[in-house]
Amino acid sequence: MALLRRFTEFAGSFPWQWSAGDVEDFTLSLMSGAARLAPSTIRGYHLTLRMFCDYLLDGRYGWVSECEQRFGVIPSQVCHDFNTVAHLNDYEGRPGRRPFTYDELQHLFDFLDTRVERVQRSGRKGAWAALRDAQMVKTCYAYGLRRRELCLLDIADLRPNPHMRQWGTFGAVHVRYGKAVRGSTPRRRTVLTVPEFDWVVDGLRQWVEQARPLLRPDDRDALWLTERRQRVSVKSMDNRFAWLREQADLDADLTLHCLRHSYVTHLIEFGYPERFVTEQVGHSYASTTAIYTNVSNDFKTKTLKAALARVYDNTQEER
């Protein structure tokens with residue numbers, strides 16, 4: 001409804017008076033200036049307007065005859081192929097967005113750990129929050145979580161893996177607020193802890209068993225709490241990560257979501273099957289997972305060397 005009101009105000013007319021030209025002007029305004037929107041966002045706006053017009057024109061509701069009787073005007077479909085954004089590419093994100101390199105991840109994690117130690121030694125307040133921020137970032141990467149999935153985790157979402165009893169209740173994370181398909185409820189999935197990222201177990205155990213109880217959370221279920229015992233919001237986490245990234249002197253295009261890209265990329269490099277990776281990150285199709293994949297140059301070099309050795313060694317043996 002907010003978008004429909006916004007478009008009505010922009011067009012300066014009622015829905016039964018809208019025209020295709022209004023959509024063109026509205027689109028141009030969204031694509032201009034410093035605050036221009038991404039093509040995917042604008043396409044979502046167009047879809048909303050198109051569906052609303054379909055509703056107006058649906059004969060089952062009688063709006064066409066009602067508008068003609070009351071206003072002498074018949075509403076029309078104003079969103080067409082020639083004035084809306086087409087979905088031409090699988091990936092429409094910013095080109096600067098990419099997975100973290102291994103060196104960048106190590107630098108980020110070292111910075112987070114050093115920050116906790118530095119604040120703790122100074123005797124000032126903030127060591128607890130610094131530990132929380134560090135563990136949230138590491139958990140986001142170690143399980144390939146979306147920002148909302150990370151922030152909405154509860155204590156009950158930490159699950160054991162019967163095949164790795166030594167990990168306790170940190171063998172898996174149950175995601176209950178996964179990205180929903182349009183018109184459906186949030187999708188659920190269970191993300192298993194993988195051996196290459198088993199270092200996250202000690203950090204989660206420290207947070208759950210030692211740091212989080214200091215707040216006396218009582219009956220609060222949220223895994224990540226603020227000093228006021230409220231759940232950490234997505235916006236707050238975005239702002240925190242942006243500040244941490246700046247303090248660590250990392251590329252400004254690297255966002256919290258880039259850690260998810262890194263997770264997919266590194267699982268592929270570790271040799272995990274494509275289907276396993278797709279299930280871990282909660283994609284419906286392997287083609288979506290492939291968009292996230294951007295293997296490193298080192299991995300490409302190793303793969304090429306192995307192929308060269310396999311082909312040319314066999315050739316020499318035949319000779």
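**A close look at one helix**

Modeller: On helix 1, A2, R5 and E9 are exposed, on the face turned away from the buried side. Exposed means over 50% relative accessible area, buried under 20%, and partly exposed in between (1.4 Å probe, protein chains only). This is a predicted model: local features need pLDDT of at least 70, side-chain atom pairs need 80 or more, and totals for chains, interfaces and linings use all residues. Residues count from 1 along each chain as its sequence is written, and side-chain values use heavy atoms, without hydrogens or water.

Helices are DSSP runs of H or I, at least four residues long, numbered from the N terminus. Helix 1 covers residues 2–11, and its buried residues are L3, L4, F7 and A11. They lie on the same side of the helix because they span an arc of only 100° around the axis. That arc is taken from the directions from the axis to the C-beta atoms.

What covers them? The cover includes helix 2 (20–30) and helix 3 (39–57). Take helix 2. L3, R6, F7, F10 and A11 of helix 1 meet D22, V23, D25, F26, S29 and L30 of helix 2. Contact here means heavy atoms within 4.5 Å. The residues of this contact are seven nonpolar, one polar and three charged. Asp, Glu, Lys and Arg count as charged; Ala, Val, Leu, Ile, Met, Phe, Trp, Tyr, Cys and Pro as nonpolar; the others, Gly among them, as polar.

Just after helix 1, G12 has a positive phi of about 70°.

Notes:
Helices (H or I, at least four residues) and strands (E, at least two) are DSSP runs, numbered from the N terminus.
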